Amino acid sequence: MNDSFGAGGFNATAGGGGAGNENKAEGVLPLVIEQVLESSDGGISLFGHQYAMITLVAIIRNVDYSSTKVTYQLEDHTGMYGAAGSRVGNTDTPRDVHALFPLSNAGRIDAHLWIEDDGVTSTPSIVPQSYARVVGSVRNQGGSKSIMIFKIDQINSPNEVTTHLLEVLHARYKGEENSKRKVEGGFDTNANATSNGGFMESDSVGASLGLNGKQLAVYKAIKSHVSDIGISRKELQAKFSHISPSEMQSIIDHMGQEGMIYTTVDTDHFFCVDA
C-alpha cells in the first residue's frame, strides 16, 4: 500500500494479491470516497482481506427520486476528478493545493437506495447539503463505481465525521499490522496444534489473562479481526466449528464478565478492549 496520504487518498486495494483475494468477503470496512473510486474491479480488499460492505460519511450534494430508487450524490472532498472521471494531479500533490483549487466533481460518487413496495414512505428523510453515514456495497458498471445502499442515516454531530476518519486510519494500520503478523509467523489457529483440540495449551498472553486453550484462541480471533463493528458471533462459530454454540456462549460470557471484550452494534458483535 502506498503510505503517501497526498491528495487525501488511501488505497483500499493494495497489499493483497494472489491467494489472499480468494478469501470470502465479509465484514464492513470504513473508507473515504477516493478509496472507493480507486478500488479494483474485483472488490474491496485491504491487505489481502476481502470486505463485503463499506461505510462512508459524506455530504449529500443532491437527491434524485425515481419510481424505483433514490440516488444520492455523495461528496467528502477526498478525490479530485475532472468531468470525465479522470484523476487530476497525482498523489504527491499537497492537500492545501487541492483545497485552493477545488473541482466541481471532487470526491463524488452516486449511491442508490432501491424503493420497496410501500414507496416513498420507506425512504429515509435526508436533508441535502447535510452529512450522512452510508453502509452499502460497491458496484462497478461500465467502469463507473457506485454504491448500493443497505442503510443511510443523517448525522448531526461533526464528531461523527472526525470519528469516521479515525476509523478509516485505524482500519488501514490495523490491517497492515495483521498482515505483517501473518508474514512474520504470527498467530494461526491451525498452527502449533496440541492435544487440546488443536490449540496451544500455554501462552504468555493467555497466562497473563487467565485464558488457555479454546478461550485464548477465541480471544485472539476477536482481537485480530479488522472491522469497525467487530467480529460477529456467526464468524466466530464458523472459525471454530468444533466449539459448540453453548460452549462458545460460555467463553464469550466469561471474557465479557472479565472486561476483556465488549459488544458493539448489537449483542452478537464483539470488540477486544485491548485491540
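In the predicted model, three strands build an open sheet in the order β9-β11-β10, with antiparallel pairing. The edge strands are β9 (231-232) and β10 (261-263), and each pairs on one side only. Helix α5, spanning residues 214-224, packs on this sheet. The helix touches β9, β10 and β11, and its direction makes about 90° with that of β11.

The pairings on the two sides of β11 can be taken in turn. β9 and β11 run antiparallel and are joined over two bridges. Here, I231 has F270 of β11 as its bridge partner. β10 and β11 also pair in the antiparallel sense, over three bridges. On this side, Y262 is bridged to F271 of β11. Five residues lie between β10 and β11, and the two strands form a hairpin.

H269 belongs to strand β11, which covers residues 269-272. Its relative accessible area is 16%. This value falls under the 20% cut-off, so H269 counts as buried. Leaving aside residues up to four places away in sequence, H269 touches I229, G230, I231, S232, Y262, T263 and T264. Of these contacts, I231 and S232 fall within β9 (231-232), and Y262 and T263 within β10 (261-263). The side chain of H269 also makes a polar contact of 2.8 Å with the side chain of D266.

Conventions
Residues are numbered from 1 along each chain as its sequence is written. This is a predicted model: local features need pLDDT of at least 70, side-chain atom pairs count only at pLDDT 80 or more; totals for chains, interfaces and linings use all residues. Side-chain values use heavy atoms; hydrogens and water are left out. Helices (H or I, at least four residues) and strands (E, at least two) are DSSP runs, numbered from the N terminus. Buried means under 20% relative accessible area, exposed over 50%, partly exposed in between (1.4 Å probe, protein chains only). A polar contact is a pair of N or O atoms within 3.5 Å; within protein, one must be able to donate a hydrogen and the other to accept it, and residues adjacent in sequence count only if both atoms are side-chain atoms. Contact means heavy atoms within 4.5 Å. Two strands pair if DSSP finds at least two bridges between them. Axes are lines fitted to C-alpha atoms, for helices over the stretch in contact, and angles run from 0 to 180 degrees between N-to-C directions.
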